[in-house]
Each structure stands twice: as C-alpha cells, then as structure tokens.
Amino acid sequence: MKDLTPAKASLDPIEIASRDEIEALQLDRLKWSLRHAYDNVPFYKASFDAAGVHPNDVTSLSDLAKFPFTVKQDLRDNYPFGMFAVPRDRVKRIHASSGTTGQPTVVGYTEKDLDTWGSVVARSLRASGLQPGDLLHNAYGYGLFTGGLGIHLGADHLGLTTIPISGGMTQRQVRLIEDFRPKGITVTPSYALSVLDEYAAQGLDPRDSSLEVGIFGAEPWTNAMREEIEQAFDMHAVDIYGLSEVMGPGVANECVETKDGLHIWEDHFFPEIIDPETGQPVADGEQGELVFTSLTKEAFPIIRYRTRDLTRLLPGTARSMRRMEKVTGRSDDMIILRGVNVFPTQIEEQLMTVQGLAPHFQIELSRPDRMDQMRVLTEACEGFSSNEDRVHSAAELSHKIKATVGISVKVDVADPGGVARSQGKAVRIIDTRPKS
C-alpha cells in the first residue's frame with residue numbers, strides 16, 4: 001500500500017494545536033452553544049431550568065456535566081422542527097431518520113452549518129489520505145440519510161471529483177470502479193465485502209483496481225475485517241464516525257498514517273464518556289457511553305446527546321485532538337445489521353400481522369462467512385402447523401421485514417412452544433458473531 005500521509009502544511013492549524021489552545025477554543029464555543037440553545041429552543045430552556053442550571057454557570061469545561069442529557073426521544077417529541085434554534089427559512093437543508101422505530105428525528109442546517117459540515121468531512125477525507133483532484137467513488141446512500149450527501153459535501157469542500165453512485169447495483173459499482181479508476185471509496189464495510197464478492201464473480205482481481213483507500217462507517221466493524229479488506233484490495237481501510245443528531249459523517253475519523261482510533265474534531269464537537277447506568281462522567285481511557293455536545297451548530301444545537309455508542313477516549317497521536325476507540329457496541333438493544341438499524345420491536349410488529357404465527361420469537365445473529373446474517377425463529381400457532389402453512393408464513397414474514405425494515409432475514413417456524421420462554425425479561429437476541 002502507498003504512503004498516503006497528508007502533508008503537515010495541508011492540515012488545519014487547529015488539528016495540531018496545543019491542548020491548551022484547543023480547550024480554550026472549546027470553552028469559548030461551549031458558552032456560546034449553551035446560550036444559543038437556551039435562548040432559542042424552548043426544550044432546552046425548560047430542560048436547563050428544571051435542572052437548575054444556566055449557561056452563565058459555565059466557567060470551565062467540566063461544568064458541562066451539570067447540564068441535563070438529551071436523548072433521541074426528546075427529538076421525537078419535538079418533531080418536526082421543535083429543536084431548531086433559527087427561523088425555518090434560515091434552514092438550508094433538512095435530513096431525517098427513517099422513522100421505522102417511531103417518530104422520525106429531524107435535523108437541520110443553516111448555510112454556515114453546511115459549510116462547517118463540509119469542512120469537517122473534508123478534514124476526514126484528507127486524514128484518510130485523499131487530496132484535491134482525487135477521484136472518489138461515493139457508495140453511501142443519498143437522500144434523507146446523511147451519509148451520501150454529507151460525504152459529497154465534504155468531497156466538494158476538499159476539491160475531489162465525486163462519483164455519486166449511491167448504494168446497490170453491485171455489478172455496476174464494480175464496472176464503474178474499473179472504468180473510472182477512483183482513488184478512494186466511501187461505503188459501509190459490509191457492503192465493501194459485497195463489492196469484493198462481485199469482483200470474484202466477474203473474475204477480476206481487486207488488487208489490480210485503482211483503489212488506494214476505503215473510508216468505512218455507518219456500522220461497527222472489526223480490525224479483523226479491516227485486515228481482510230486491506231489485503232483483498234491492497235488499499236488502506238480507515239474508519240469514519242458520525243450521526244445525524246450531532247452532524248452526520250465527519251464527527252471523527254481515523255488518520256491513515258496511524259489507524260489507531262478516530263480523532264474527534266474537537267473544535268466543533270465536545271465529547272464525554274459516561275457510565276451508561278449512572279450517567280456520571282468517567283475519566284479518559286475508561287469505557288462507557290459516548291455523549292456529544294455541539295460547539296458551533298446554528299440550526300440544530302445538541303447538548304449532551306447520549307449516542308448509546310460504547311467506546312473510550314484516548315490522547316491524540318497523529319493529531320492533537322483526542323481519539324475515540326472503535327465503537328464496540330451500544331448501551332441499548334439496537335442491532336446494526338449491514339448498516340441498517342434494527343430493533344426487536346420492529347420484528348415483533350411485523351410478526352403480529354402474520355396469520356398462523358404465535359407472538360414468540362428470537363433473533364439469532366451470526367457471521368457464517370464474512371457477512372452478518374439474521375435468523376428469526378418463530379413458532380406456529382396451535383392448529384396451524386402444516387408444512388405448507390409454515391413455509392407460507394415464513395415467506396410472508398420475511399417479505400414484510402424486508403419491505404419495512406430493509407434487511408433480508410431467514411425465518412424458521414418451529415412447532416408450537418418451540419421458542420424458548422424466559423421467567424423474566426424475554427431473551428430476544430442471541431448473538432453468536434465473533435467479538436473480534
């Protein structure tokens with residue numbers, strides 16, 4: 001693999017500033033962000049007042065811990081625009097979640113926010129080894145999802161040439177990679193494996209492709225998968241992190257020269273790690289739940305947002321800003337399968353609509369080859385257990401899950417009573433995937 005380390009002169013000065021300089025900037029921006037949220041978002045005024053805190057109380061970064069958390073339900077409760085801190089006509093872009101697990105969460109961006117977003121994504125792409133003029137194959141989905149358009153915004157900001165292919169049509173993905181000869185690809189790591197399989201199906205050697213770096217995000221992935229992708233394509237594979245509530249892709253990124261965790265762009269996003277049970281902050285180096293506060297967002301400031309992602313904060317290496325370790329899981333029960341967020345309640349919701357299936361099920365997650373797979377074990381109702389009935393019900397449930405959740409699953413229908421029962425909480429998820 002080629003050495004793609006960016007020239008020091010190309011970095012933003014704040015990336016290699018002293019910790020004192022970074023923290024002084026953070027404190028100044030934190031005071032502004034808390035005041036902006038308090039003065040312009042009724043939810044935050046009520047939340048701060050109820051907790052007995054005020055933006056004027058902040059004299060150090062540690063004072064942020066006195067402020068209440070924001071959770072996803074708060075965003076849903078204020079659907080669609082109740083969390084916006086500027087008049088609606090100042091909002092230049094709106095993104096939203098799919099809403100498959102409840103009320104969608106809606107986020108907005110002013111013109112300045114879009115410029116900020118473009119700059120942090122550009123910083124991420126540059127940290128990954130891309131330079132102005134390089135060709136980027138962007139296979140993240142376009143639309144309300146922040147992935148495709150967020151990456152595209154940063155690519156424009158950096159001066160890349162972007163192929164906006166979006167996801168799907170894997171044969172076409174390979175053809176365009178071979179024909180257009182891009183240097184970089186942005187995609188989920190699991191879909192990168194599908195692209196790799198398509199190379200094999202077409203009898204092509206991916207190591208002969210033009211790709212020198214892959215920038216992978218939107219789902220957890222292991223260092224073992226990194227090694228497989230790097231060896232298969234003879235390219236660097238780096239991790240990018242973001243979520244729409246905080247900004248979108250570009251909140252943090254690995255540096256290609258070290259690949260030792262994701263440097264958080266701390267001049268725009270202030271990270272904390274908390275104990276997910278107590279909510280109390282833990283020291284850098286200790287694992288816990290990641291919490292973010294925006295420092296510069298105008299349309300949609302976010303204060304102490306609980307991401308539910310589990311990680312730890314580490315000192316900077318290639319950059320002065322702190323790193324977050326690869327996300328190891330979540331503090332709730334959400335499943336991320338091939339880049340799609342899935343909740344057991346979504347499976348249950350569809351199960352209840354299929355005639356002949358009892359309301360008992362378990363989800364089994366496995367990785368028989370390299371791709372995560374989901375198996376849904378259900379059981380037949382009494383008196384509805386012929387083989388023909390079971391095949392039909394399994395196919396119907398599988399189709400409904402694909403149509404509503406967006407993932408393909410295998411459905412097995414057991415005899416009545418065939419799904420294990422629990423005396424306490426139901427054991428809905430059995431995860432047999434390797435942990436590393």
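These legends go with several close-up views of one predicted model.

Residues are numbered from 1 along each chain as its sequence is written, and side-chain values use heavy atoms, with hydrogens and water left out. Because the model is predicted, local features need pLDDT of at least 70 and side-chain atom pairs count only at pLDDT 80 or more, while totals for chains, interfaces and linings use all residues.

**View 1. Helices H4 and H5 cross at about 80°.**
H4 covers residues 111-127 and H5 covers residues 146-158; helices (H or I, at least four residues) and strands (E, at least two) are DSSP runs, numbered from the N terminus. Their axes sit 7 Å apart, with axes being lines fitted to C-alpha atoms, for helices over the stretch in contact, and angles running from 0 to 180 degrees between N-to-C directions. H4 and H5 are therefore roughly perpendicular (angles under 35 degrees count as roughly parallel, over 145 as roughly antiparallel, 65 to 115 as roughly perpendicular and the rest as oblique). On the H4 side, the contact residues include Leu 114, Trp 117, Val 121 and Leu 125; on the H5 side they include Ile 151, Leu 153, His 157 and Leu 158. Contact here means heavy atoms within 4.5 Å. By class, the H4 with H5 contact has nine nonpolar, six polar and two charged residues (Ala, Val, Leu, Ile, Met, Phe, Trp, Tyr, Cys and Pro count as nonpolar, Asp, Glu, Lys and Arg as charged, and the others, Gly among them, as polar).

**View 2. The largest nonpolar core holds 73 residues.**
A nonpolar core is a set of buried Ala, Val, Leu, Ile, Met, Phe, Trp, Tyr and Cys residues joined through side-chain atoms within 4.5 Å. Buried means under 20% relative accessible area, exposed over 50%, partly exposed in between (1.4 Å probe, protein chains only). Tyr 44, Tyr 241 and Met 324 have the most contacts inside the largest core, and H4 gives the largest share of that core, seven residues. Leaving aside neighbours within four places in sequence, Met 324 touches a set of residues that includes Tyr 241, Ala 252, Ile 264, Leu 290 and Leu 313. Apart from this core lies another, of 25 residues, with Ile 163, Ile 177, Phe 216 and Trp 221 among them.

**View 3. Helix H7 (residues 189-201) has buried residues under several elements.**
At 1.5 Å a residue, the 13 residues of H7 should span 18 Å, and the end C-alpha atoms are 19 Å apart, which agrees; the expected span is 1.5 Å times one less than the number of residues. Buried residues in H7 include Tyr 191, Leu 193, Val 195 and Leu 196. The cover over the buried residues of H7 includes helix H6 (170-180), strand S5 (184-187), strand S6 (213-216) and helix H8 (223-233). After H7 comes Gly 203, with a positive phi near 70°.

**View 4. H6 packs on H7 at about 75°.**
The axes of H6 and H7 are 9 Å apart, and the two helices are therefore roughly perpendicular. H6 contributes residues including Gln 173, Val 174 and Ile 177, and H7 contributes residues including Tyr 191, Val 195 and Tyr 199. The contact of H6 with H7 divides into five nonpolar, four polar and two charged residues.

**View 5. Lys 183 sits in the loop between H6 and S5.**
Is this lysine buried or exposed? At 13% relative accessibility, Lys 183 counts as buried. Beyond neighbours within four places in sequence, Lys 183 has contacts that include Leu 4, Gln 131, Asp 134, Ser 210 and Glu 212.

**View 6. Helix H1 (residues 19-40) reaches 31 Å.**
That runs from the first C-alpha to the last of 22 residues, close to the 32 Å expected at 1.5 Å a residue. Buried residues of H1 include Ile 22, Leu 27, Leu 30 and Tyr 38, and the buried residues of H1 pack against helix H2 (42-51), strand S10 (269-274) and strand S11 (288-294).
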